[in-house]
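The following report sets out selected features of one protein model. The sequence and the structure come first, and the description follows.

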Amino acid sequence: MDIQFWGVRGSLPTPLSPLQFRSKISAIIQRITPKDIESAESREQFIQNLPEYLGSTTGGNTACVEVRNKNGTLFILDAGSGIRVLGKEASCKKAGVYHIFLSHFHWDHICGLPFFDPLFNPNSEIHFYSMSADCEKYLTTQMESPYFPVPLKSGTKNMHFHQVADGETLEIDGTVISCKKMSHPGGVLCWSFSEDGRKFVYASDVELSPEDNRWPGNEDTFFLNADAVVLDAQYTEVEAIQKANWGHSPFARDVDFARSWNIHNVFLFHHEPMYHDKKLDQLVQAARYYLQYSGETAVNVFVAAENKAFHL
């Protein structure tokens, strides 16, 4: 499986502000030495050696993750604003068949759908998977006047809506897909994709509690031994206490969860709109220190960032 991030923010799109951009430039300039600009090679080396929070950006689009199996079948996880960017890609346009898995219907997870180019290609075949029998109704409503000028019914006529129950398992082109309902206002489905002994789990908008960790007698295998999990980490621990029942998790809770279920790689996701790139870098470093302090060496933690891709 190949996984790529197209939107990683939570709540609403958050573009890099002019002030943040200028702050990055200022911080980069302060690091430059005469040796760094002696040649094209030294300049490139200087850029490559910059901390990631300076040399790149996490991105401001809301939730959208691409998964492709070994046969090239395209699975799209959530339709936040990042799906607009994905839809512009030539490889996406060529797919023809699109399997869109929705975790839930909060705006930040569906707001990009009206701008997804393949939706309006009459040759597209689009399958929506969600927990609700009213999926078509909800997606239609957000594209009705006065909210949007082009109705959903103007899109491809080859749209299909599938209601999936908690714990149900599907198989699409050799990939086994299962789902699990977890804690979030209104409910949320996490999605698991398994192929050739490798497992990837998408778990956005999840408010973890200690009861979600693996304990003796808990035979649930949804997260067990996952190779990679995209996991909600919108808050710090203090914020999670202040915003209990808002439906999001802090990184320390994610780390404990990953350790308990023997998850190998965790991608912190659904980033707080107020967090700039340096803040997110500090959070992932704190998560790694927490792992180190606990003596855990089998879990890797990363920040989910737009355009980042990995292979399982």
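Apart from neighbours within four places in sequence, Ser-178 is in contact with Glu-168, Thr-169, Cys-190, Trp-191, Ser-192 and Phe-222, where contact means heavy atoms within 4.5 Å. Ser-178 lies in strand β8 (residues 175-182); helices (H or I, at least four residues) and strands (E, at least two) are DSSP runs, numbered from the N terminus. Ser-178 counts as buried because its relative accessibility is 17%; buried means under 20% relative accessible area, exposed over 50%, and partly exposed in between (1.4 Å probe, protein chains only).

The model is predicted: local features need pLDDT of at least 70, side-chain atom pairs count only at pLDDT 80 or more, and totals for chains, interfaces and linings use all residues. Residues are numbered from 1 along each chain as its sequence is written, and side-chain values use heavy atoms, with hydrogens and water left out.

Tyr-290 belongs to helix α9 (residues 277-294). With a relative accessible area of 28%, Tyr-290 is partly exposed. Not counting residues up to four places away in sequence, Tyr-290 touches Ala-252, Val-255 and Asp-256. Of these, Val-255 is 35 residues from Tyr-290 in sequence, and the two C-alpha atoms are 8.0 Å apart in space.

The next topic is the sheet. Strands of a sheet pair through backbone hydrogen bonds, either parallel or antiparallel. Here, two strands pair if DSSP finds at least two bridges between them.

| Strand pair | Bridges | A bridge partner pair |
|---|---|---|
| β1 (residues 2-7) and β2 (residues 64-68) | five bridges | Gly-7 and Cys-64 |
| β1 and β14 (residues 309-311) | three bridges | Ile-3 and Phe-310 |
| β2 and β3 (residues 74-77) | four bridges | Val-67 and Phe-75 |

Ile-3 also stands opposite Val-67 in β2. The hairpin of β2 and β3 has five residues between the strands, and in it Gly-72 takes a positive phi near 90°.

Strand β2 is largely enclosed by the rest of the structure, because five of its five residues are buried. Both of its faces are covered: Cys-64, Glu-66 and Arg-68 are buried on one side, and Val-65 and Val-67 on the other.

Which residues line the largest cavity? The lining consists of Ala-233, Tyr-235, Phe-251, Leu-268, His-271, Leu-280, Leu-283 and Val-303. On a 1 Å grid over the protein atoms alone, a cavity is a set of points where a 1.4 Å probe fits but cannot get out, and lining residues have an atom within 4 Å of a point. A search of the whole structure finds one cavity of 30 Å³ or more, and the volume of the largest cavity is about 50 Å³. Grid points are joined across faces, edges and corners, and a volume is the space filled by probe spheres set on the points. The lining divides into seven nonpolar residues, one polar and no charged; Ala, Val, Leu, Ile, Met, Phe, Trp, Tyr, Cys and Pro count as nonpolar, Asp, Glu, Lys and Arg as charged, and the others, Gly among them, as polar.

Conventions. 1 Å grid on protein atoms, 1.4 Å probe; cavity = no way out; pocket = protein on both sides within 12 Å on 5 of 7 lines; lining within 4 Å.
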